Amino acid sequence: MFRLAPCALLGLALAACSTVETGIPPDETAGTPAAGPGPATAAETPLVVPPLSSLPDTPARPLAGRFQKVGYADIPAWRDDDLAQFWQVFLRNCKGLMRPTSGNLAMPARATPRVWQPVCAAAVDPARRPVATDAESVRRFLQTYLQPWRLVAADGKPASNLVTGYYEPLVRGSRVQGGLAQWPLYTPPRDLLTVDLGAIYPELAGKRVRGKLDGKRVVPYDTRADLDNNPARRPPVLVYVDDPVDNFFLQVQGSGRVLLTDGPDAGKTIRVAYADHNGQPYVSIGRWLVDRGELTSDQASMQNIRAWAQRNPQRVREMLDANPAVVFFKEEPVTDPETGPRGAYGVSLTARRSIAVDTSFVPLGTPVFLGTTWPGSDRPLDRLVFAQDTGTAIRGAARADFYWGYGDAAGQMAGRMKQRGQMWVLWPKQAGEPSAR
C-alpha cells in the first residue's frame, strides 16, 4: 500500500526510487501489508491459545537486529506509561501471535509463535492474568513473563533512528459518479497477476512482481494513465471521491474511511482497505509540481497541492497521471470507530499503540517500548507499542512509523512527526533472544 510516511505530509513526495515489490518511494509510505486473514479476522474473534503441540514450527528467519539484555530499570520512563487501557491491545496482539506461520519468505517476518504460546496462555488463565483496568497489575504481568532487550546498532551502541507517523484519513464520496464525486477508487482487476519470484528462483526469495498476460508473456500492468484513458480497461469502482487530492492521499495512506454523501447509504461511513496495487513505480506529484516550477520544495505540502489543483482544474488529470502507480481497494465495515485498519500483521491497528517496523530487525507481533518525542518538540513520548505494520520507507534498526489513529487531528500529528527514537523489545523470558519465523 502507498501509505504516507508522516515526514512527507509537509515535505510531500520528493523521493524517486522504487522497489521490486511495490514501486513505492522510500520516504513516502509506511508500507505494503502482507495478505491479511479472511473476513473473520484475528482481531474480531476470541483469543484461543492452542496447545504447544499443535503449533507447527517453520525454519528460523535471521534477524539483522542485535539485542542487549537489560532490566526494566534500564528502560527510561518504563513506569510512566499508563497501561490502564493496554490489556485489550495485548490480547488482540496475542491473537496474531497464535496464528501459525506459513514459512513464505515473501511475507514479513513474524515473532515466533511457539515461544509466545506460554505467555498468551498465561494471559487467558484466570489465575495468572492481570486485572485488565489496573495499570500496575498489567505492568507486573509483563515484568513477570517478558524480558527486555535493547535494540543495538552494528557497532554495539544503542540503535537510534527516525520515527515518523501515519493515520487513517476521512474523505467524502459516493458509490455512483456524479457532481463532485468524480475520482475513482478501484477494486482489484481480474487480470492482475502477482508472481512470486522466489518460487521460481530461490535466490530471489521474498521478491514479487505484478503484471498481466500478453499472450504467453507477463508484462507490466496498466498505469494510471492507461486506466484513465481506456474505459474498457478500468477495473470496477468501489467509490468515487469528491476531491482528487483526497483521493490521491488516501491511496498514499493505503486505507481510510469514506463518508457517503448520497444514495441509500447517505451518511454512512465505510472503510476502504488496501487490497492490491498495479506494481508500477511511484512518482511523486509534489516532485512533479516542483520540477515544473509550479511550487517550490518548501511549498510541496498537501494543502498547497490541493490549492494548486483548485486553481488549475484543467491540469489535475495531467498531475495525477504523472504517477503511474495505482492502489486497489476492498470495502470493510467500520464495526468499531475506535479501531483502526488492519496492518501487515493482520490485526486492527490501535491508535498510539501500533507501529510499523523493519521486520528484518523487529518481527511483527513483538511488543516494543518506544522512546521518542512528541511531534515537533523535545517533550518525551515513551510508549509500549506493538510492531504490527511494515513499510518500504521503514528501514533500519529502530526505524518506526507511529500510528496516530483516525481523522484530521491524527493527520495533523502524523504530518508533523519526524523525531528520533530508540527501542527496547519485550520477549518471553524462557525463549532467549528475539527470533523470527
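## A buried arginine and its partner

Arg271 counts as buried because its relative accessibility is 5%, under the 20% limit. This is a predicted model. Arg271 forms a salt bridge with Glu168, and their closest N and O atoms are 2.7 Å apart. Glu168 sits in strand β3 (residues 161–168) and Arg271 in strand β11 (residues 269–277), so the bridge ties together parts that are 103 residues apart in sequence.

How many salt bridges does the structure hold? The count is 23. One of them joins the side chains of Asp81 and Arg353, at 2.8 Å from N to O. This pair links distant parts of the chain, 272 residues apart. Asp81 is in the loop between β1 and α1. Arg353 is in the loop between β12 (327–332) and β13 (354–357). Both Asp81 and Arg353 are buried.

Another salt bridge connects Asp246 and Arg306, with the closest N and O atoms 2.1 Å apart. Asp246 belongs to helix α5 (residues 244–253) and Arg306 to helix α7 (residues 302–311), so this pair ties together parts that are 60 residues apart in sequence. Is Asp246 buried or partly exposed? Asp246 counts as partly exposed because its relative accessibility is 21%. Salt bridges can also share partners: Asp191, Lys212, Asp222 and Arg233 are joined into one network in this way.

## The six-stranded sheet

Strands of a sheet pair through backbone hydrogen bonds, either parallel or antiparallel. Here, six strands form an open sheet. Their order is β5-β9-β4-β10-β11-β12, and the pairing is mixed. Which strands lie at the edges? They are β5 (183–186) and β12, and each pairs on one side only. On average, neighbouring strands of this sheet are turned by 45° against each other, direction ignored.

β5 pairs with strand β9 (residues 237–241) in the antiparallel sense, over four bridges. Tyr186 has Val237 in β9 as its bridge partner. Helix α5 lies across β4 (170–174), β5, β9, β10 (255–260), β11 and β12. The helix runs at about 20° to β5.

## The disulfide

The structure has one disulfide. Which cysteines form it? They are Cys94 and Cys120, with sulfur atoms 2.1 Å apart. The link is left-handed, with -90° about the S-S bond. Cys94 lies in helix α1 and Cys120 in helix α2 (residues 113–123), 26 residues apart. Both Cys94 and Cys120 are buried.

## Two alanines with positive phi

Most residues other than glycine have a negative phi. Ala77 has a positive phi of about 65°. Ala77 lies in the loop between β1 (66–69) and α1 (87–97). Asp81, from the salt bridge with Arg353, is in the loop between β1 and α1 as well.

Ala398 also has a positive phi, near 70°. Where is Ala398? This alanine is in the loop between β15 (380–389) and β16 (400–406). Ala398 counts as buried because its relative accessibility is 2%.

How values were computed:
Residues are numbered from 1 along each chain as its sequence is written. This is a predicted model: local features need pLDDT of at least 70, side-chain atom pairs count only at pLDDT 80 or more; totals for chains, interfaces and linings use all residues. Side-chain values use heavy atoms; hydrogens and water are left out. Buried means under 20% relative accessible area, exposed over 50%, partly exposed in between (1.4 Å probe, protein chains only). A salt bridge is a side-chain nitrogen of Lys or Arg within 4 Å of a carboxyl oxygen of Asp or Glu. Two strands pair if DSSP finds at least two bridges between them. Axes are lines fitted to C-alpha atoms, for helices over the stretch in contact, and angles run from 0 to 180 degrees between N-to-C directions. Contact means heavy atoms within 4.5 Å. A disulfide is a pair of cysteine sulfur atoms within 2.5 Å.
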